[in-house]
Every structure is written in C-alpha cells, then in structure tokens.
Amino acid sequence: MFASRVLKDIFISLFSAIVFLLGKGFIYNSADQIEPLVLVYKKLNPQLYLGDFYAESAKNIFTVRFYYVELLAFLGKYFSIYHISLVGTFLCLFFAAWGLIKITRVIVNDQLTGYATPFFVLFLFISWTVGGNEIQYNLLISSALAKALSIWGVYFLLRKKWFISAILIGLGGLFQVLVDLQLGMIIISFFVLTLRWRMMLRWSLTWFVLICPMLIPILYRQFYAIDSGQFDMSEFYHLLYDFRNPYHYLPNLFPLTSYIKLAILVLIGNGSLYLYLDRKSFYKVQIINGLIILGLIFYTVLILDFGLMSIGKLQWFKSTIGLAAIAAIGVSIAFEYIFKRFSF
C-alpha cells in the first residue's frame with residue numbers, strides 16, 4: 001500500500017513538472033537568468049566579458065546569488081549549463097509538486113488526498129499573489145531552488161521533524177535569502193505565539209546556523225556597508241523601487257486586480273479549510289495567515305506612511321505566496337472531497 005502510494009505520488013509529480021514545462025516553456029539564458037549566468041560563464045572561462053562593467057565588477061564581490069553561481073559553476077565543469085538548467089528546473093518543479101501533495105495529506109490526515117494540489121497551486125492559482133511572485137518557475141533561478149527546499153521544510157515541520165525542517169529551510173536561504181528569511185520569521189513567530197519556547201530555540205538555532213553564511217553578509221552590505229554620503233539615497237530608492245522593479249517593492253504600485261484575486265482566493269480557500277479541517281488545525285493555519293497579513297500591514301505602513309524606504313529591501317509581499325498556497329490547498333481539498341462524494 002505504501003509503495004503503491006509513493007509510486008502514484010512520483011507519477012503525479014513527474015506529470016505535473018512535465019505539463020508545467022510544456023505549458024509555459026523552458027526559459028534559458030534570458031529573463032532572471034541573465035545576470036547570474038554571466039557570472040557562471042565568467043567563472044568557467046575568465047577570458048569572457050573582458051572590460052564588461054557588470055561582469056568585471058561583480059565577479060569578485062559577495063552577492064545574493066553567490067551560492068547559486070558557485071553551485072552552477074561547479075556542476076558546469078562536468079555538464080553543460082543548459083542541461084544543468086533544464087534538469088534543475090525539472091527537479092525543482094517535481095519536488096515542489098511532490099512536497100505539496102504530502103503537505104496536503106498532513107493537513108487533512110487523509111492518505112488519498114493531495115493529488116489535485118499541484119494543479120491548483122502550480123497551475124490554476126500560481127499567479128494569484130501580490131508583488132509579482134510565484135511559487136515555482138520555468139527556469140532555474142535561485143528562488144526555484146529555495147522554494148523547492150522550503151516546501152519540503154514546511155512538510156517536515158508539519159510532521160514535527162524540526163531538525164530536518166530547519167536544515168532544509170536554512171539551506172534554501174543560501175540560494176534566496178529573502179524567501180527563507182521571511183519563512184523563518186513566520187515559523188519562529190508561530191512558535192512564540194503557541195508558547196513552544198524549547199522548540200523555537202532548537203529550530204531557530206539550526207535554521208540560523210545554516211542561513212547565516214548568506215544572511216549575515218547580505219544584511220551587513222544592505223544596511224551597514226553602504227556609504228549613503230556618496231549618493232542621494234532617495235534617488236537610489238526611486239531607481240530601485242519605482243523604475244527597475246516597480247512590481248516588487250511598493251504596495252501602491254501593485255495592480256488592484258492582484259489584490260482582488262488574492263482576496264477572493266484567500267476567502268474561498270480558507271472557507272474550504274474551515275469546512276474540512278478540525279478546529280485545532282484550522283486555527284493553526286489561521287495563525288500563519290494572520291502573521292503574513294500582519295507583516296504586510298506593517299510593511300505597507302512603514303514604507304508608505306512613515307517613509308522608511310529601507311524596509312522595502314525585505315520585500316514582504318513575497319510572503320503572499322504563502323497566503324495563495326494555503327488557500328489553493330484549501331480549494332484542492334474541497335475539490336477532492338466533492339469529487340470523491342460524487343464518484344462514490
């Protein structure tokens with residue numbers, strides 16, 4: 001029975017990854033891969049891009065993509081970067097789908113539930129977030145690796161395997177520090193609110209040890225190493241927030257339709273969870289939702305009302321991925337229960 005279920009899980013996850021790539025297409029050497037792959041190619045062949053401002057200046061400094069670049073450069077000694085990207089993208093999608101199936105089962109305590117979850121989370125509602133963020137991608141970028149690891153980290157957290165959870169989420173932070181910093185803050189806050197002090201200490205210490213090789217240097221560079229006297233900081237934030245990435249930082253620049261779609265999904269999805277989850281599990285989920293929403297409110301007030309522009313570097317609206325994923329799982333659970341009832 002167990003072996004049969006695992007095989008079904010693998011089949012559904014493989015199918016989901018294949019359909020995702022066939023539907024969206026595989027992206028290579030463009031979009032968000034442009035900047036980091038230049039550094040990968042430069043590491044593999046130092047004679048490339050001689051005199052190029054970006055390649056020459058970024059090759060010797062620590063960036064948020066440092067471990068991503070190092071990993072691909074190491075693998076690039078043995079395989080082509082194209083094939084590494086293709087296989088890596090496929091594996092991220094495969095493990096994301098499989099992890100979502102397993103998370104759904106833990107939430108509802110039903111071994112036959114979860115097969116519809118990849119469809120709702122990765123396909124139907126993947127873009128129902130705010131701030132231009134998605135749970136997975138059709139190209140191999142740092143976020144794809146971090147989110148695949150984080151999904152399994154959440155699964156092991158739900159299974160109360162705290163040590164494995166902290167390791168996976170910490171490792172994810174080496175590739176995309178913001179994703180796993182936000183997730184870590186939410187998990188630690190959940191432990192505090194539920195008065196699990198010992199578990200909070202164990203989890204947070206393990207997580208911090210794994211993520212700090214990326215977190216500490218980046219925090220130092222972002223908040224302490226910048227000499228604001230060299231340039232106009234207001235112009236810097238304007239160029240970064242308004243001009244370069246208007247879809248990531250400022251809540252007032254995000255499309256109204258994004259807020260409406262997410263609100264509808266959250267209401268429907270959590271309504272489904274209310275119907276099909278026991279009250280204890282439902283309230284735990286709502287604590288997570290509440291922490292994310294509270295973070296969104298604080299972020300918005302601090303950056304728009306108080307003008308604390310530096311807080312924008314935390315990009316808290318990435319956490320709407322969590323809101324959308326939880327709600328999409330709720331819709332998936334309702335769909336499967338209704339389907340079972342009619343098929344019976």
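Let's start with helix H5, residues 81-108. At 1.5 Å a residue, its 28 residues should span 40 Å, and its end C-alpha atoms are 40 Å apart, which agrees. The expected span here is 1.5 Å times one less than the number of residues. Helices are DSSP runs of H or I with at least four residues, numbered from the N terminus.

A word on the source. This is a predicted model, where local features need pLDDT of at least 70, side-chain atom pairs count only at pLDDT 80 or more, and totals for chains, interfaces and linings use all residues. Residues are numbered from 1 along each chain as its sequence is written, and side-chain values use heavy atoms, with hydrogens and water left out.

Back to H5. Buried means under 20% relative accessible area, exposed means over 50%, and partly exposed is in between, with a 1.4 Å probe and protein chains only. Now find His83, which sits in H5. His83 has 49% relative accessibility, so it counts as partly exposed. From His83 to Phe190 there are 107 residues in sequence and 40 Å in space, C-alpha to C-alpha. Just after H5 comes Asn109, with a positive phi of about 55°.

Next, Gln182, in helix H9, residues 177-193. Its relative accessible area is 5%, so Gln182 is buried. What does Gln182 touch? Leaving out residues up to four places away in sequence, Gln182 touches Leu314, Gln315, Trp316, Lys318 and Ser319. Contact means heavy atoms within 4.5 Å. Look at Ser319 in particular. Its backbone nitrogen lies 3.3 Å from a polar atom of the Gln182 side chain.

On to Ser143, in helix H7, residues 142-158. Ser143 is buried too, at 9% relative accessible area. Its contacts, again not counting residues up to four places away in sequence, are Tyr137 and Gln176.

Last stop, the surface. Leu256, Ile260, Ile264, Leu267 and Ile268 form a nonpolar patch there, with about 520 Å² of accessible area together. Patch residues have over 30% relative accessible area and no salt bridge, and nonpolar side chains are joined within 5 Å. A salt bridge is a Lys or Arg side-chain nitrogen within 4 Å of an Asp or Glu carboxyl oxygen. Areas come from the Shrake-Rupley method with a 1.4 Å probe. Leu256 belongs to helix H12, residues 256-276. With 61% relative accessibility, Leu256 counts as exposed.

Technical notes
Helix = DSSP H or I, 4+ residues; strand = E, 2+ residues; numbered from the N terminus. Patch = residues over 30% accessible without salt bridge, like charges linked within 9 Å, V, L, I, M, F, W, Y side chains within 5 Å. Polar contact = N/O pair within 3.5 Å; in protein donor to acceptor, adjacent residues only side chain to side chain.
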